[in-house]
Amino acid sequence: MAGGLLVAATLLVAGCGGGGTRESATDSNSPPQNAPATPTPTSSPSAPTRSPEPTNPAEPTNPADRRLVTATVSGGIDGRHQSVLVNADGSYTTLSGAKPVGRDKMKPDELTKLRKALAESDFTKLPRINMRSQPIPDGLTTAVVHQGHEVVTDGSKPVPALDRIVAALPLP
């Protein structure tokens, strides 16, 4: 127990030093050796804290801010589960069932085609669910997320704008 108190006291005293020079015990302003150490605050507790500025303001630090579109195709007789996560700069990550993750970058014309399909779709106004009431045996379900809006289809109801987006994606 005494060792624990010694460690706590050492940490308390070490934390109060503030990195400055140590005053001598004979200094008239220093407390007596047996007096308890009292930390003095270095800043007001109500002072706002600022997070560091990003090194490149044009590059969002939050990955979600960089994401252009995400799509997942699942189901089918083969039990597939394929996803692609496309960033605003055209870089993308693919996931395909048990296969390892792949990373690549879309060609400029491919990215332009995808951006055009997204812009022309008025994506946030597309119906969120485009599926039959009964599941299609061995059917595929496609879920696309853009600007926080998700649209899901099983292909049974035509959604041409969504079909153009899916066709422009670099799905595995």
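Gln-147 is exposed, with a relative accessible area of 64%, where exposed means over 50%, buried under 20% and partly exposed in between, computed with a 1.4 Å probe and protein chains only. This residue lies in the loop between β6 and β7 (149–153), and its phi is near 50°, a positive value in a residue other than glycine. Asp-138, in the loop between β5 (129–130) and β6, likewise has a positive phi, near 55°. Most residues other than glycine have a negative phi.

This is a predicted model, in which local features need pLDDT of at least 70 and side-chain atom pairs count only at pLDDT 80 or more, while totals for chains, interfaces and linings use all residues. Residues are numbered from 1 along each chain as its sequence is written, and side-chain values use heavy atoms, with hydrogens and water left out.

Strand β6 (residues 140–146) also holds Thr-142, which is buried at a relative accessible area of 11%. Leaving aside residues up to four places away in sequence, Thr-142 touches Thr-72, Val-73, Val-151, Val-152, Thr-153 and Val-166, a contact being heavy atoms within 4.5 Å.

The largest nonpolar core has 21 residues; such a core is a set of buried Ala, Val, Leu, Ile, Met, Phe, Trp, Tyr and Cys residues joined through side-chain atoms within 4.5 Å. Two or more of its residues come from each of β1 (67–75), β2 (80–87), α3 (108–121) and α4 (160–168). Among the residues with the most contacts inside this core is Leu-114, which touches Leu-68, Val-69, Val-86, Met-106, Ile-165, Ala-168 and Leu-169, again not counting residues up to four places away in sequence.

Of the 172 residues, 25% count as buried.

The mean is lowest in helix α1 (residues 2–16), at 37, and highest in α3, at 97. Residues 1–31 stay under 50, and the model has seven contacts beyond four places in sequence for them. Residues 39–60 are also below 50, with five contacts beyond near neighbours in sequence. Where pLDDT is low, the predicted coordinates should not be read in detail.

How values were computed: Helices (H or I, at least four residues) and strands (E, at least two) are DSSP runs, numbered from the N terminus. pLDDT is the predictor's confidence in each residue, from 0 to 100.
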